[in-house]
Amino acid sequence: MTTLRRRAAAAFAITACLVAGCSSSSESSGTGGEAGGTYTIWDPYPQFDGGSDWVKLLTGCGTDAGVTVERTGYDTTDLTNKALLAAQQGNSPDVLIVDNPVVSTLADAGVLTTTDELKVDTSAIEPNLLAAGQIGGKTYGIPIGANTLALYYNKAVLDSAGVDPAAIKDWAALTAALEKVKASGKKGITFSAIGTEEGSFQFLPWFWGSGANLTQLDSAQGIAALELWNGWVKSGYAPNSVLNNTQTTSWQEFATGDFAFSENGTWQLANAKKTGFAYGIIPIPSRAGGTAPAPTGGEFVTAPVQAETGRYAVTEKLIGCLTSADNAYTTDTTLSYIAATEAVQQKQVAANEELKVWVDAVQAAKGRTSDDLGTRYPKISQPMWTAFQAALSGSASPADALKTAQTTAAAATK
Amino acid sequence: MAHDVMTRVPAPAPADAGARSPRRRKGGHWTAWAFLAPVVVYLVAFYAYPLYRNLDLSLRHYTVRSFVQGDAPFSGLDNYRTVFADPAFGPALLHTLVFTFVSIAFQFAIGLALAVFFAQNFRLSATLRALFLVPWLLPLIVSASTWTWMLNSDSGIVNAALELIHVDPVNWLTSPDWALTSVIIANIWIGIPFNLVVLYSGLQAIPADVYEAAAIDGATGWQRFWRITFPLLRPVSAITLLLGLVYTLKVFDIIWIMTKGGPADASTTFATWSYRLSFGNLLPEFGPGAAVGNLLILMALFFGLLYIRFQRRQSS
């Protein structure tokens, strides 16, 4: 009732203005009446409150574009469903910052605009990072920064076991190092093989590092990757608890100081300094030698589809501001991310030599939804995590587990 | 106080009804509906509509695109067929049943034993009884996380204790043979206080003179339990078991926090499966997720009807 009456009043006001020709006031009530020049931004960083650099940056970008920014931080696991529901109700935010594998899902739902439509410049972005947001030749967002996985090591544990971390360039060298560590009475490596997307994220560097492809889970290379993990658990180089470890609990195991290695992400750097022991970082080795492609983590800045396409101009300004070189540097430092452009990456390394290994890892990294997998990725990832859970818990051999997984994945992605 | 109100309210009612009856003939119909409206709106908005939506979700072929655009085609029982044909269906059903019935059996037996024990009102019994309520008072996330720590294969206290008595450590949460047992143990621990409290209050209602008479007739403690306590507690037991069933069928948080339904589906029940389908993946599958949820509702409904039948038989 009230909305009807309000709508009627608005219609009346507009008609009156059309007749009287009061252009300036009708414009301000047209765009301002509903939104008040307010643009909404949703991000998955609820840890940042109003006083943080991140929120100040958002507000600043809004001021530069001449609008007010209304920001909401959601838990990252919540955000996908929130974004889908908002799109269903027709009240999507103007800017949505979302985990990169989700971009293809939202793009598939028709929720996101392409960067062409929005006229966002993506030319400076590293192609391997941008690929996670590209489906069918279209780009649906721009990475704000990236993180990935590498191996943290405990210097004291490696020294007493007589292992030189710099010499670990392939799987054989790593396994040999783990054996030495175990012989010296310490524990080898901890990772997260939990039955969720987090576990798949941790398995992929080994899977890809073996030369396997996600479209064929049970290839010889894929089986070799699972046999590597399985061998570590069976030989006691890795604890049985990896099956239930999240990346956080796996980190807590490493932080006890008993473990030689931890497969973990860029985001643990700050915590690494708090452990109280000397640590170092090496890239994850591939099977034959060299750096294995690890999956990229980190979010994309996207622009959900709006009914009023007139809003895109300001949205483009906001996104341009957030991803501009200076602001990207600030943001990525705050988030402990590696920048998505080479120029900013160099700036990061110049400021902090320690980030070099991470920049290398990010340059070798690969998006999970890349290779045009898009929404097929989640349907492959789930059978894959079921497979390594089955193998590591001893209920199936690596080959059998992956064979089952391939059957399931093939049926689901048909 | 409560007693006072209870007896006082019904008394004036007949007189009132008589006085008002002429007025009801005119606008009474609408007034009645106006009074009913809040309840009806509440029921429709929070019960009927969600149930209808869940049914609707399970009967349509949803993709993320059609979810957003709201034009998912009607697909009949396809989602149910998908769920039934899924290799995870059989194990999930078995786990759900084992989880529910084993949990209930132990919760009820231990709860009843404790209730009988505490009914004797010895010194400190109130304090001890309060202690048994602790699992109920803790937020589930806290107790489930604590269980996860205790049952950790490498650094958990349970395995440390086993080592002391020279028993090989058990991979409680990471072995397919033990994962379901572990979550059942945790769930039993959490469910005991509920059974204890309800059964204890049921015991209070059994008149003491029945026991006195039995004691004079020379009944042993065991006989008193099986011949008096157990039969007289039957109505309370029935409602306890029913509530326990419905509650245990849908247990999700403990399993999700402790094992995520793993390793490799070894502790997946319908509740965790439904969640994983709808929310646990990057690509939500609302249709099959809703279908599994509806199967859970049907199971709960079945036990509910069973209870009503039992109650009718009892009263007739």
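## Chat about a two-chain model

Colleague: Which residues of α3(A) and α14(A) meet?

Modeller: On the α3(A) side they are C61(A), G62(A) and D64(A). They meet L318(A), C321(A) and L322(A) of α14(A). Keep in mind that this is a predicted model.

Colleague: Noted. How do the residues in that contact divide by class?

Modeller: The contact of α3(A) with α14(A) has 4 nonpolar residues, 1 polar and 1 charged.

Colleague: And at what angle do α3(A) and α14(A) pack?

Modeller: About 135°, with the axes 9 Å apart. Helix α14 of chain A covers residues 312-323. That angle makes α3(A) oblique to α14(A).

Colleague: Is the crossing of α3(A) and α14(A) left-handed or right-handed?

Modeller: Right-handed.

Colleague: What about α3(A) and α15(A), how do their axes cross?

Modeller: They cross at roughly 155° and come within 10 Å. Here α3 spans residues 53-64 of chain A, and α15 spans residues 325-335.

Colleague: Why call α3(A) and α15(A) roughly antiparallel?

Modeller: Angles over 145 degrees count as roughly antiparallel. The axes cross at roughly 155°, so α3(A) and α15(A) are roughly antiparallel to each other. The crossing of this pair is left-handed.

Colleague: Which residues make the contact there?

Modeller: From α3(A), D53(A), W54(A) and L57(A). From α15(A), N327(A), T330(A), T331(A) and T334(A). By class, the contact of α3(A) with α15(A) has 2 nonpolar, 4 polar and 1 charged.

Colleague: Let's zoom out. How many helices and strands are in chain A?

Modeller: Chain A has 19 helices and 11 strands.

Colleague: And what does the secondary structure of chain B come to?

Modeller: 16 helices and 0 strands.

Colleague: What radius of gyration does chain A have, next to a compact globule?

Modeller: Chain A has 24 Å. A compact globule of 414 residues would be near 22 Å, so the two agree. The C-alpha trace of chain A spans about 90 × 50 × 35 Å along its principal axes.

Colleague: What about the radius of gyration of chain B?

Modeller: Chain B has 25 Å, but a compact globule of 316 residues would have a value near 20 Å. Along its principal axes, the C-alpha trace of chain B spans about 70 × 65 × 35 Å.

Colleague: Switching to domains. Where does the assignment put them in chain A?

Modeller: Domain 1 is 37-143 + 299-336. Domain 2 is 149-295 + 372-413.

Colleague: How far apart do the centres of domain 1 and domain 2 of chain A lie?

Modeller: Their C-alpha centres lie 31 Å apart. The contact between them takes 6 residues from domain 1 and 8 residues from domain 2.

Colleague: What gives the most to the domain 1 side?

Modeller: α5(A), with 4 residues. By class, the residues on the domain 1 side that touch domain 2 are 2 nonpolar, 3 polar and 1 charged.

Colleague: Last topic, chain A against chain B. How many residues does each chain put into the contact?

Modeller: Chain A gives 29 residues and chain B gives 27 residues.

Colleague: Which helices of chain A each supply at least two residues there?

Modeller: α4 (76-89), α5 (100-108) and α18 (376-392). The largest share of the chain A side comes from α18(A), with 6 residues.

Colleague: How many nonpolar, polar and charged residues does the chain A side have?

Modeller: The side of chain A that touches chain B has 11 nonpolar, 15 polar and 3 charged residues.

How values were computed. Residues are numbered from 1 along each chain as its sequence is written. Chains are lettered from A and ligands numbered from 1 in the order in which they are written. This is a predicted model: local features need pLDDT of at least 70, side-chain atom pairs count only at pLDDT 80 or more; totals for chains, interfaces and linings use all residues. Two residues are in contact if their C-beta atoms, placed from the backbone, lie within 7 Å. Ala, Val, Leu, Ile, Met, Phe, Trp, Tyr, Cys and Pro count as nonpolar, Asp, Glu, Lys and Arg as charged, and the others, Gly among them, as polar. Domain bounds come from an automatic or database domain assignment. Axes are lines fitted to C-alpha atoms, for helices over the stretch in contact, and angles run from 0 to 180 degrees between N-to-C directions. Angles under 35 degrees count as roughly parallel, over 145 as roughly antiparallel, 65 to 115 as roughly perpendicular and the rest as oblique. A crossing is left-handed if the near helix is turned anticlockwise from the far one by less than a right angle, and right-handed if clockwise. The radius of gyration is taken over C-alpha atoms; the globule rule is 2.2 Å times the number of residues to the power 0.38.
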